[in-house]
Amino acid sequence: MTGGGVRAVVRRLRGRTGIEVKSSDQIEAMRAAGAVVARTLRLLEGHARAGVSTGELDELAEQSIRDAGAVPSFKGYHGFPASICSSVNEQVVHGIPSREQVLVDGDLLSLDCGAILEGWHGDAAVTVHIGTVAQADSLLSSACRAALEAGIAAARPDGRLTDISHAVESAALAAAAVHGTSYGIVADYGGHGIGTAMHMDPFLPNVGRPGRGLRLVPGITLAIEPMLTAGSDKTEELGDGWTVVTVDGSRAAHWEHSVAVTDDGPLVLTVE
Ligand code: MG
Ligand code: MG
């Protein structure tokens with residue numbers, strides 16, 4: 001899930017959740033939680049195809065998470081009814097899985113998954129092609145993934161928080177130039193601290209000048225999650241109170257990893 005939106009504003013007004021600096025043992029524990037998320041997303045990628053509903057993917061995800069002895073962190077989060085967010089086409093993030101929502105060839109599906117293992121959270125997202133997608137959609141997703149990779153590479157000790165924001169933004173702009181197009185970089189939502197809770201301080205914008213905000217020291221753990229659109233960066237929330245869509249109907253991609261800043265550089269936690 002993403003940080004940002006109304007809930008994060010409310011939380012910021014109430015006060016900080018605190019920045020956690022994890023020990024190496026705690027980072028190892030977060031890796032274990034992250035591995036559950038990674039395994040679950042890989043399972044879903046293998047099952048996501050035309051004719052399958054997002055509700056079925058949600059059931060698979062919950063089973064995978066619980067089989068690992070973990071708990072799906074999204075389920076019941078501020079009342080969210082499912083274990084994954086499934087956001088199709090113009091849906092950017094926080095789509096609610098449903099048995100009625102059957103995937104069709106050409107859909108661009110973002111899957112976001114979170115799990116808690118022994119008190120530690122993992123949070124990651126992938127964008128999946130359903131059958132054969134338009135080349136523009138494939139390029140959009142690869143640009144978003146490249147922006148994530150650039151953001152991860154910037155999560156270095158002695159850097160600052162917005163070095164990551166700047167790296168994400170720069171990579172998205174560079175990819176757009178290479179692809180001969182422009183992308184909307186969604187700024188209403190962003191990444192977040194993660195650890196003993198899913199959404200912790202700091203909020204991590206996906207745009208901005210470098211060299212500002214939290215100093216990145218070993219033990220800081222962040223969910224980095226760019227969201228790109230093929231059109232406007234403006235979004236709105238549907239009447240279900242969750243699903244975030246592009247205002248212009250353009251398609252969107254979303255990639256996310258939970259990452260630790262370590263002495264040796266960035267360490268991706270949501271991998272197997
Ligand atoms: Mg997140
Ligand atoms: Mg997420």
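Predicted model: local features only at pLDDT ≥ 70, side-chain atom pairs only at ≥ 80, totals over all residues.
Helix α2, spanning residues 24–47, packs against helix α3, residues 54–67, at an angle of about 150°, and the two axes lie 9 Å apart. Because angles over 145 degrees count as roughly antiparallel, α2 and α3 are described as roughly antiparallel to each other. The crossing of α2 past α3 is right-handed. On the α2 side, the contact is formed by V36, T40, L43, L44 and H47, and on the α3 side by L57, L60, A61, S64 and I65. Seven of the residues in this contact are nonpolar and three are polar, with no charged residue present.

A second pair is formed by helix α4 (residues 135–153) and α5, which pack at an angle of about 150° with their axes 8 Å apart. The arrangement of α4 relative to α5 is therefore roughly antiparallel. Here too, the crossing of α4 past α5 is right-handed. From α4, residues L139, S142, A143, A146, A147, A150 and G151 meet I164, A167, V168, A171, A172, A175 and H179 of α5. This contact comprises 11 nonpolar and three polar residues, and no charged ones.

The largest nonpolar core contains 59 residues, and those with the most contacts inside it are L41, L57, L109, L111, I164, I224 and L228. Helix α5, residues 161–179, supplies the largest share of this core, namely eight residues. Apart from neighbours within four places in sequence, I164 is in contact with G151, A154, A155, L204, L216, L222 and I224. In soluble globular proteins, nonpolar side chains tend to be buried together.

Note on methods. Residues numbered from 1 in each chain as written. Chains lettered and ligands numbered in written order. Heavy atoms only, no water. Axes fitted to C-alpha atoms, helices over the stretch in contact; angles between N-to-C directions. Helix = DSSP H or I, 4+ residues; strand = E, 2+ residues; numbered from the N terminus. Parallel < 35°, antiparallel > 145°, perpendicular 65-115°, else oblique. Left-handed = near helix turned anticlockwise from the far one by under 90°. Contact = heavy atoms within 4.5 Å. Nonpolar A, V, L, I, M, F, W, Y, C, P; charged D, E, K, R; others polar. Core = buried A, V, L, I, M, F, W, Y, C linked by side-chain atoms within 4.5 Å. Buried < 20%, exposed > 50% of the residue type's maximum accessible area, 1.4 Å probe, protein only.
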